[in-house]
Amino acid sequence: MKSSKTTYSLAMLGLLSLLPATVAAAEEEQALRIVPLITSTPLTGTGVGLSASYLYRLDEESSNSQLQVGGQYSDTDSVTLFVRNNAFYKGNDIISNTAILPAKTNSEFDEDGDEIKYQIKTFLVTQKLLFRVQDNFYAGGQVFYKKSEYSPNNIAGEDFLISNGIIDQENGGVGASVSLDSRQNKYFPRVAYWVDVDVDMAPDWLGADEDYSRLTINARYYGAGFRKADVWAHQFFGQYASEKTPDGDLPTLSGKSILRGFPAGQFRARFMNGAQTEYRYVLEGTPFKFIGFVGVAQLHGGSYGTDGETRDDDGTYWAGGLGARYAIQRRTGVDLRLDVVTTSERKESVYLTLNQAF
């Protein structure tokens, strides 16, 4: 486990890492930026890596598309690689979101006095296509493929996997999506809403042991702040899984869903509701912003293992913190994001990564 002293030392390192970019090219917009990645979480340790952001246009009437490629290695011998491509085409009439995410994660955490250690090897590919139906309304669908392999790194880890019915998973899936999106700037929205509703289904004919499905509602509103330059962002996130959903696809607390500071996979349940708010203070005339955020989420419904047991993560969780942003591509609004987070579990985390949290 990482001490608070280590956490805040990494936060200062992350803050200092923003400065070279300021000196290098504050005035010039560049299509390609390469930035450091730093994370420190109780579950996966301290990680460092690199990420590249490449902006391009498919046509003059469309928003900037973004290709991200990167990777990170942590001191728990965990490795994460990613390729993400968000593309806008034909005056934003067509939106494509693609992700390829291979990872090897060695999870370590305490539960009831036991130090639980196990490894997850995952490979995830997703492709989502949305088509403008009218004005700000889009409809479409997605396909995905996921493979997860679990192995214990100690006896407590083996007991944890068995008692929670966590087994290997390999299957594909399909889904339907609708979206309401009024954002003019896709990377730093102002006075806009963005609502996604996804229904994912993984039938046995695509490899699932048993059919399962999941509903996700992700609603965001970007309002005016106390000053004209600032943004006050709000998010509701709800995710609801069917009874036969495997552990790896259950709703989980994490910065990719609703709460920063909770590494994905540590806390899961069949149903999750959450909300967060973030104030974005813009330091006018500079590429910097300063952030304060807080969020709360509830897990309920448990989850069912191979022996009918229920994973006991039901409850209410919260997280909050402070952050800084540096606009690496200023006209587009792409930010290098530094967050320092504390949670209801009395754990601290640091994230230095790209783009807004939501």
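Where is the place of Ser 254?

1. **Ser 254.** The place of Ser 254 is in the loop between S11 and strand S12 (271–282). Strands here (E, at least two residues) and helices (H or I, at least four) are DSSP runs, numbered from the N terminus. Ser 254 counts as buried because its relative accessibility is 5%. Leaving aside neighbours within four places in sequence, Ser 254 is in contact with Leu 259, Arg 260, Phe 262, Pro 263 and Ala 264. Contact means heavy atoms within 4.5 Å.

2. **What you are looking at.** This is a predicted model, in which local features need pLDDT of at least 70 and side-chain atom pairs count only at pLDDT 80 or more, while totals for chains, interfaces and linings use all residues. Residues are numbered from 1 along each chain as its sequence is written, and side-chain values use heavy atoms, with hydrogens and water left out.

3. **The whole chain.** The protein chain has three helices and 16 strands. Of its 358 residues, 51% count as buried. Take the contacts between residues at least 6 apart in sequence: 57% of them join residues at least 24 apart. The chain exposes about 16400 Å², and carbon and sulfur atoms supply 57% of that area. Accessible areas come from the Shrake-Rupley method with a 1.4 Å probe; for residues, only the protein chains shown count as cover.

4. **Gln 235 in strand S11.** Look along strand S11 (residues 231–241) and you will find Gln 235. Gln 235 counts as buried because its relative accessibility is 5%. The side chain of Gln 235 has a polar contact of 2.9 Å with the side chain of Asn 218, and another of 2.6 Å with the side chain of Gln 276. A polar contact is a pair of N or O atoms within 3.5 Å; within protein, one must be able to donate a hydrogen and the other to accept it, and residues adjacent in sequence count only if both atoms are side-chain atoms. Not counting residues up to four places away in sequence, Gln 235 also touches others, including Ser 257, Ile 258 and Phe 358.

5. **Gln 239 in strand S11.** Gln 239 lies in strand S11 too. With 8% relative accessibility, Gln 239 counts as buried. Which side chain does the side chain of Gln 239 make a polar contact with? The partner is Thr 216, at 2.9 Å. Residues that Gln 239 touches, beyond those up to four places away in sequence, include Pro 251, Arg 270 and Met 272.

6. **Arg 280 in strand S12.** Is Arg 280 buried or exposed? Arg 280, found in strand S12, counts as buried because its relative accessibility is 0%. The side chain of Arg 280 reaches the backbone oxygen of Phe 358 at 2.9 Å. Among the residues in contact with Arg 280, leaving aside neighbours within four places in sequence, are Phe 188, Tyr 222, Asp 230 and Ile 291. The C-alpha atoms of Arg 280 and Ile 291 are 4.8 Å apart, and the two residues are 11 apart along the chain.

7. **Lys 244 in a loop.** Lys 244 is found in the loop between S11 and S12. At 43% relative accessibility, Lys 244 counts as partly exposed.

8. **Two positive phi values.** Most residues other than glycine have a negative phi. Asp 77 has a positive phi, near 60 degrees, and is found in the loop between strand S3 (65–74) and strand S4 (79–89). Asp 77 is partly exposed, with a relative accessible area of 35%. Asn 355 has a positive phi as well, near 70 degrees, and lies in the segment after strand S16 (348–354). Asn 355 is buried, at 15% relative accessible area.

Key
Buried < 20%, exposed > 50% of the residue type's maximum accessible area, 1.4 Å probe, protein only.
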